[in-house]
Amino acid sequence: GRDLLFMRGLDNVTALHWASGKGLRDVCIAMRDLGKRDLLMIQDTDGKTCLHWAAERGHGEVCADLVAMGGKELLFVKSKTGQTAQDLAKADQRARKEENLALPELEDLVRLYNGV
């Protein structure tokens, strides 16, 4: 079971990346319980964690769960292009010209952990 969680597919993506991007909260929580924090910090070939995947697809509740599980450090991991999950949520919102539902959650979490 646990070894399968750490298997990486095309572009170095794990099952947790996929579940996060689809907004599957229960699946993400179950995977975290098996894989622990190490699984949450895995970056794909673009340097994106599961939090990046959830953020750019607008899954705010999943983002909050992932940060609660992985710690505040997850908020500040940058992709190969230098973007945090919050940056990707902002870019997605601008590109689609509609609200990214993860952005308010990420902004609140960044303020909380930066003491702002």
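Helix α7 covers residues 103-114, and its 12 residues should span 16 Å at 1.5 Å a residue; the end C-alpha atoms are 16 Å apart, which agrees. The expected span is 1.5 Å times one less than the number of residues, and helices are DSSP runs (H or I, at least four residues) numbered from the N terminus. This is a predicted model, in which local features need pLDDT of at least 70, side-chain atom pairs count only at pLDDT 80 or more, and totals for chains, interfaces and linings use all residues. Residues are numbered from 1 along each chain as its sequence is written, and side-chain values use heavy atoms, leaving out hydrogens and water.

**Helix α7**
- L103, L106, L109 and V110 are the buried residues of α7 (under 20% relative accessible area, 1.4 Å probe, protein chains only).
- They cover an arc of only 125 degrees around the axis, so they sit on the same side of α7; the arc is that of the directions from the helix axis to the C-beta atoms.
- These buried residues pack against α4 (50-56), α5 (60-70) and α6 (85-96).
- Beyond neighbours within four places in sequence, L106 is in contact with residues including L51, C63 and L75 (heavy atoms within 4.5 Å).

**The nonpolar core**
- The largest nonpolar core has 25 residues, and L106 is among those with the most contacts inside it; such a core is a set of buried Ala, Val, Leu, Ile, Met, Phe, Trp, Tyr and Cys residues joined through side-chain atoms within 4.5 Å.
- α5 gives the most to this core, with 5 residues.

**A charge over a ring**
- R57 lies over the face of W53, at 4.4 Å from the ring centre (NZ of Lys or CZ of Arg within 6 Å of the ring centre and within 35 degrees of the ring normal).

Conventions. Helix = DSSP H or I, 4+ residues; strand = E, 2+ residues; numbered from the N terminus. Buried < 20%, exposed > 50% of the residue type's maximum accessible area, 1.4 Å probe, protein only.
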